[in-house]
Amino acid sequence: MSAKTFDAIVVGTGAGGSTAMKILCEAGLQVCAVNSGPRIDPDKDYRGHRQVYDLKFRGYGDPLRLQGKAHQEPYSVEESEYSEGRDLFEHDVAYSNGPGTDWYWKRCKATGGKANFWGRSSARFGDIDFKAADLDGFGENWPVDYQEISPWFSKAERYMGVASTVQNRPSNPDGEYLPPFPFRCIDHIIQKGAEKIGVPYLPDRCAQLTVAHNGHPACHYCGNCSRGCDVESFFSPTWFTIPQAEATKNLTLLTNALVRSVVVDENGLARGVAYVDRTSGREVEVYAKVVVLAASCVETAHIMLNSKSRHWPAGIANSSGELGKNLCEHLYGNPGYGCLPQLLGQPPQPDNIADSTIAWMPRWQNLKNPREEKFIRGYSVYMGGGSGGFPGYYGQLEGFGSKFKRDIKRYYPATIGGLIQAPTLPSPTNYVDIDPEKKDIFGIPQLRFHFRWGANELLMWEHSKQVMIDLFKSMGGELWGADDEPNRPGTSLHETGVCRFGNDPKKFVTNKWAQTHDVPNLYICDASIFPSCTDKTTTMPIVAFTMRTCDYMLDNFKRGVHTRA
Ligand SMILES: Cc1cc2nc3c(=O)[nH]c(=O)nc-3n(C[C@H](O)[C@H](O)[C@H](O)COP(=O)(O)OP(=O)(O)OC[C@H]3O[C@@H](n4cnc5c(N)ncnc54)[C@H](O)[C@@H]3O)c2cc1C
Ligand code: SF4
C-alpha cells in the first residue's frame, strides 16, 4: 500500500490522459499518472528509417512473437516489425466477444498510447454533430454546442499544430491552421473527377507540422509517421504533453501499472486506484483527492465496471445502468480501388509525403436536408495511393514471379484506393460488459464486446461504393474492385460512447464537464463520453474536451469542491 495521497491520479498517458497530466501539473497539483505499459523510448522503439528488406521478417515481424501470450492476435498497421522489440502493445489483457461479435481491440500500452502511431486526421465536430438528434430525430443531442466548444478546439489546434485550409463547409467548421500539405499528383486528378460528380475533395485537417511549431521542427516528409516520428514533427504525447508535465516536477509516473479498479471511501467517493504492478505481480493501491480515467474509451468502461463495491454494485458511477452502453465506432473499408492510367509510365513522385491523410472527401451527404439519402447523418472518405514507400496494391494484382514484379513496377505511381469513415448510430445491442466466466492472467474479469454493424452504416457503405464507381468514371480511372465487406469492427480505433455525457443523471454517466454524475471526484478524459459518433476522428476533440474538463476541475479545486491533498 502506498501511503502518499496525491491531488490527482490520471489513469492512462495517451492523448487524453497526458493532456490532463500536463494541465494539472502546470497548475501546481501533485499528479500520479498510472500507465499499464512501459515508457516508450523513441530512440529504441521507433525504427522507421529502415527498408523492409533490412528487416528479418520483411516488416511483418516474428510469427512466433506472440506465442504464449493470452491474446495472440497481432494488430495491423501500427504493430509491425518496425515497432516490435519491447512490449509496446497489449497482449496480456485478453477480452471476449459475445455471440455474433468480431471486435478487434487494438491497444498500445506504452506511454503516449496510440498517438505514438496515429494517422493525425483532426477535424472539428460541429453543431451538425452536436445537434444531430434535433435534425433527424434519432438519439440524443450532445450537452454542448459549437459556440461553447469552439474556443477549446482552437486551443487544442494551436497547441497540437494542425495543417489545413479554410473551407466554409457546413459539416466541417474551420479552425486555426498551419499551412496545408501540397497536393499529390493523384489529388489533383481526384479533385477534378470529384468536382464533376459534386463531391468535395479538400485538404484534410492534419496534426502534422508543415512549419516549425511549439518548439518542434517542420516535417521533412519522410512518410514514416505510422512507425513513430523520430524528429517529433506531429502531435504525440511522447514529445508534447508528457515531457511538459514532467518538467513541472509535479508528476509521478508509474509504468507497467495495470489499473483494475477505482477504490472508494466509506461514502462511495473515489479514493484512488488499485493496480497490478506487472513487474512484480503485486497488487498496489495509490490514493488521491480526484481520479481521472483516460484509459481509452472501452478500457475506461472496463475499469469502471470492475469497480464494484457496496456503494456501486453494478460498477462505479453506474446508478443510471448506462455504463458500457451505446458503443459506437467508425465503419472502415475500401469502397473502391484501381488505377489512374494517365499516370502509368510517369516517374515516381514523393507521394507518401505524410504517410497520411493529405486530402479527404468531407461529409457531403444530408447537408441541406437531414433525410436526403436513404441513411441519416453522413460519412467521409480518405483517398490514398500514388508513389508510396511500399506497393500496398500488391494484393490487388494477380500472378507471381517476374511478371508480377513487372506489374508492381508498372502500376507504381498510378494506383489509388478509398477508405470510408462511416459513423455507427448508438444502439442498445452495441455495448460492453464484463464476461462473467473469464478473467485475464492478472485475475481481472475480462471485458466482453457485443457489436454488429447497423442498417444505417451499411447503407452508407453501399452508397460509397457507388460513389467510387462514379468517381473512377469521371476521372478516367480503372476501377479494379472494392472490399467485399467492411473491416472488422474496432479497426478504426475511433470508438465512442460507453460513458456518455449528458445532463440527465438517469440517462448519462457524466455531466457535461465529464465529471461522473454519481461520484463528483471522478472524471473521464477520453472518447467514452462522446454520446454519438460523427464522420470525423476523435483525437483532437479528446484533447479539446480534456482541456475543458481540466479547466472545470481546477475551478472546482479553487471553489473548494475538491480539496488538495
Ligand atoms: C494507426 C492509427 C491511426 C490512427 N489515426 C487517427 C487519426 O487519423 N485521427 C484520429 O483522431 N485518431 C486516430 N487514431 C486513434 C487515436 O490514436 C486515438 O483516438 C487516441 O490516441 C486515443 O487516445 P486515448 O488517450 O483516449 O487512448 P490511448 O492512446 O489508447 O491511451 C490510453 C492509455 O491508457 C493506458 N491504459 C490502458 N488501460 C489501462 C489500465 N487498465 N491501467 C493503466 N493504464 C491503462 C495505456 O497504456 C495508454 O497509454 C489512430 C490510431 C492508430 C493506432
Ligand atoms: S513524414 Fe514528417 S511527421 Fe511523418 S515521420 Fe516523417 S518527419 Fe515525421
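**Figure 1. The second largest cavity of the predicted model and its lining.** By class, the lining of the second largest cavity comprises 4 nonpolar, 3 polar and 4 charged residues. Here Ala, Val, Leu, Ile, Met, Phe, Trp, Tyr, Cys and Pro count as nonpolar, Asp, Glu, Lys and Arg as charged, and the others, Gly among them, as polar. Among the lining residues are D129, R363, R377 and D535. The second largest cavity holds about 60 Å³ of space. On a 1 Å grid over the protein atoms alone, a cavity is a set of points where a 1.4 Å probe fits but cannot get out, and lining residues have an atom within 4 Å of a point. Grid points are joined across faces, edges and corners, and a volume is the space filled by probe spheres set on the points. This is a predicted model, in which local features need pLDDT of at least 70, side-chain atom pairs count only at pLDDT 80 or more, and totals for chains, interfaces and linings use all residues. Residues are numbered from 1 along each chain as its sequence is written, chains are lettered from A and ligands numbered from 1 in the order in which they are written, and side-chain values use heavy atoms, with hydrogens and water left out.

**Figure 2. The largest cavity and ligand 2.** Ligand 2 takes up the space of the largest cavity; a molecule sits in a cavity if more than half of its atoms lie within 2 Å of its grid points. About 80 Å³ of space lies in this cavity. Its lining includes Q208, H220, Y221 and F234. Around ligand 2 there are 13 residues, of which C219, C222, G223, C225 and C229 come nearest; a residue is near a molecule if one of its heavy atoms lies within 4 Å of it. This shell has 8 nonpolar, 5 polar and no charged residues.

**Figure 3. The surroundings of ligand 1.** Of the 36 residues around ligand 1, the nearest are N35, K114, G119, E299 and T539. A polar side-chain atom of E299 lies 2.8 Å from a nitrogen atom of ligand 1, and a backbone N or O atom of G119 lies 2.7 Å from a nitrogen atom of the ligand. The shell around ligand 1 divides into 16 nonpolar, 14 polar and 6 charged residues.

**Figure 4. The second largest pocket.** The volume of this pocket is about 200 Å³. A pocket is an open set of grid points with protein on both sides within 12 Å along at least five of seven lines. F390, Y394 and K409 are among the residues that line the second largest pocket. Its lining has 5 nonpolar, no polar and 2 charged residues.

Note on methods:
Polar contact = N/O pair within 3.5 Å; in protein donor to acceptor, adjacent residues only side chain to side chain.
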